[in-house]
Amino acid sequence: MLAPRSLPCGCSSEGVRETTIYDPGGTSMPDTVRLVDYFYVEVPDKPGEGARALSYLKGAGVHLLAIHAFPKGRRAQVVFVPSDPVAFRAAAKAAKWKTVGPKKAFFLQGDDRVGALVDYFAKLADAKINVTAGDALAAGAGRFGAILWVKARDVKRAAKALGVG
């Protein structure tokens, strides 16, 4: 574990585990795996709700590592992964949002490559931990980002399997 430092997102590196997973010519940066807090709110499933929530957080100066939204019955669930959970909670409270959380997820970043997530999924499978949801994307400039969710009862074991903490 590295000593906490300030990251480009303005958040702390505390809880960050850097691991070199792929390094064909010694030019790859280490992947980072972080155990992060996330929160969610339910909103009406109609145009403009996402823009309203994101605009509010922007105005409050809340930086987001990730957002994930999906329909849930006649409503929509919006999941926020803030770089600063304290700032998010303050903004959500001021907006009178009914938030659920904090809950835990794993946030991954690294050099993009074929099969970038295979080793992470394999480590969790070897530990008999099911990934209940995941999102990943090529972030541009040769980088990838991903977020993985496991059941709450499996978070500690997943952190150990992924080398976090």
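**Fold and aromatic cluster**

In the chain, 64% of the contacts with a separation of 6 or more are made by residues 24 or more positions apart. The model is a predicted one. Its chain contains seven strands and four helices, and these follow one another along the sequence as β-β-α-β-β-α-β-α-β-β-α. Of the 165 residues, 38% count as buried. The accessible surface of the chain amounts to about 9,500 Å², with 55% of this area belonging to carbon and sulfur atoms.

Six aromatic pairs are found in the structure. In one of these, the ring centres of Phe80 and Phe88 lie 5.4 Å apart with their planes at 40°, so this pair is tilted. Phe80 has a relative accessible area of 0% and is therefore buried; Phe88, likewise at 0% relative accessibility, counts as buried.

Phe80 also pairs with Trp97, and here the arrangement is stacked, with 5.9 Å from centre to centre and 10° between the planes.

Phe80, Phe88 and Trp97 belong to one aromatic cluster together with Phe39 and Tyr56.

Conventions
Residues numbered from 1 in each chain as written. Predicted model: local features only at pLDDT ≥ 70, side-chain atom pairs only at ≥ 80, totals over all residues. Heavy atoms only, no water. Phe/Tyr/Trp six-rings, centres within 6.5 Å; stacked < 30°, edge-to-face > 60°. Buried < 20%, exposed > 50% of the residue type's maximum accessible area, 1.4 Å probe, protein only. Helix = DSSP H or I, 4+ residues; strand = E, 2+ residues; numbered from the N terminus. Contact = heavy atoms within 4.5 Å. Areas by Shrake-Rupley, 256 points an atom, 1.4 Å probe, with all protein chains shown as cover.
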